[in-house]
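The sequence and structure come next.

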Amino acid sequence: MPVFPGLVPSDIYLPSEKVDLYKWAVVACDQFTSQPEYWQDVEKEVGDAPSTLRLILPEIYLNQASQNIPGIHNAMRRYLKTGVMEKKVENGFVLTERATESGVRLGLIAAVDLNAYDYTPGAKPLIRATEGTIVERIPVRVRIREGALLESPHVMILINDEGRTVIEQAYARVKDKKPLYDTPLMQNGGHLRGWAIEDAGELKNIADALQALNSKSNGFLYAVGDGNHSLATAKACWTRLHAKLSPEEQETHPARYALSEIVNVHSDALVFEPIHRALFHADSEDMIRKFETYVEGRGFKLIAGDDIRFIANGKETGVSIEGAEGILPVAILQPFLDEYIKANKNLEIDYIHGEDAVIHLASDGNATGILLKSIDKKSLFPSIASEGVLPRKTFSMGEAWEKRYYMECRRIL
């Protein structure tokens, strides 16, 4: 078997032929966290049909985790026992083609090595976080993963492959073959196809291409684009388990790896979108005044502009930060919001994908919408390499409905 830097081929489970894939695949659990109506619509769409909705916990319901976790674990056991899911790829990968409004995005479903990943600030592993990890968000996710027989990924990991030598070349070689699956996705999710990659020659082609890319990466081959906290959860679970295993078991245990989708940051269909904020129960005028004071305290000046737009009660206030060239506006805004929320215990914040959703939330006077601009995706790898992780919730890869939909699963116990 060829050597793949930072990942391995694995057995991959998919629904049996009798399962309706349209109802099986649902969007990543960390989307639409302030829009219960979205998940209510998904629930109606799925009904009693087999679905990944039963294998995950939408984050809008995280406060109900204790009552939901047993059902998630039971669904995994039931789906495996009754043949709802079958092993359809043996010691291989899945090459995916996702068509959305932004174009066709290609991906490689692979098990990444958690020993090659570290989200600790200052760490420089082969697989790096792109944003700050909120450790307080991990324990409840650990409770979901621990005891789970299966994982289904919404983690998307980026490679900096400007020459399009890895995923695109593999796609060119398999796209005319019969796919493993071919299905439309619910809720405006577009269309998804996937091909098994098990052939020894094709695996070697991918390994060689990744090794060549790695030789130019200065030890930074992969950046976690989506699902930072999910991968951090997998790492936390592996760290706990690792200490209980023999050296031989530590090398081969399936929990050492986490199934993820590898995507080329240079994909034309991969659009970096800003992640906006909605601040609930805030006095928007007071917040803006204190933000101005905070900015001035850092030696900068708040001026009229459009880098940050505050929306509340039908009024929009646009600002830019003078004198902060080379510093992302969100890198100044987020620490201020953290302090402001800490000083005002009644406030709540949510991170929103999609400008329209923020405007809607701000329309009833209960929330202050904070709209941001996106970053240039070509700057991502250089920025992480030189400065470390970006402020949390700096960017989103595409709109909410373009996020990864759960399809493939892998056994971790």
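## Residue classes and model

Ala, Val, Leu, Ile, Met, Phe, Trp, Tyr, Cys and Pro count here as nonpolar, Asp, Glu, Lys and Arg as charged, and the others, Gly among them, as polar. The model is predicted.

## Largest cavity

The structure holds four cavities of 30 Å³ or more. The largest cavity has a volume of about 450 Å³. Its lining has 25 residues, and those closest to the centre are Ile56, Ile144, Arg145, Ser152 and Ser230. H4, strand S7 (150-151), H7 and strand S12 (257-264) each give two or more residues to this lining; the largest share, four residues, is from H7. By class, the lining of the largest cavity comprises 17 nonpolar, four polar and four charged residues.

## Second largest cavity

The second largest cavity has about 210 Å³ of space. Among its 20 lining residues, Asp30, Glu131, Asp226, Gly227 and Lys393 lie nearest the centre. Two or more residues come from each of strand S11 (222-226), H7 and strand S18 (395-397). H7 gives the largest share of this lining, three residues. The classes are two nonpolar, 10 polar and eight charged residues.

## Packing of H4 and H7

Helix H4 (residues 138-145) packs against helix H7 (residues 228-242) at an angle of about 65°, and their axes are 9 Å apart. The two helices are therefore roughly perpendicular to each other, and their crossing is right-handed.

On the H4 side, Ile138, Arg141, Val142 and Arg145 make the contact; on the H7 side, His229, Ala232, Thr233, Ala234, Ala236, Cys237 and Arg240 do. Six nonpolar, two polar and three charged residues make up this contact.

Terms used: Residues are numbered from 1 along each chain as its sequence is written. This is a predicted model: local features need pLDDT of at least 70, side-chain atom pairs count only at pLDDT 80 or more; totals for chains, interfaces and linings use all residues. Side-chain values use heavy atoms; hydrogens and water are left out. Axes are lines fitted to C-alpha atoms, for helices over the stretch in contact, and angles run from 0 to 180 degrees between N-to-C directions. Angles under 35 degrees count as roughly parallel, over 145 as roughly antiparallel, 65 to 115 as roughly perpendicular and the rest as oblique. A crossing is left-handed if the near helix is turned anticlockwise from the far one by less than a right angle, and right-handed if clockwise. Contact means heavy atoms within 4.5 Å. On a 1 Å grid over the protein atoms alone, a cavity is a set of points where a 1.4 Å probe fits but cannot get out, and a pocket is an open set with protein on both sides within 12 Å along at least five of seven lines; lining residues have an atom within 4 Å of a point. Grid points are joined across faces, edges and corners, and a volume is the space filled by probe spheres set on the points.
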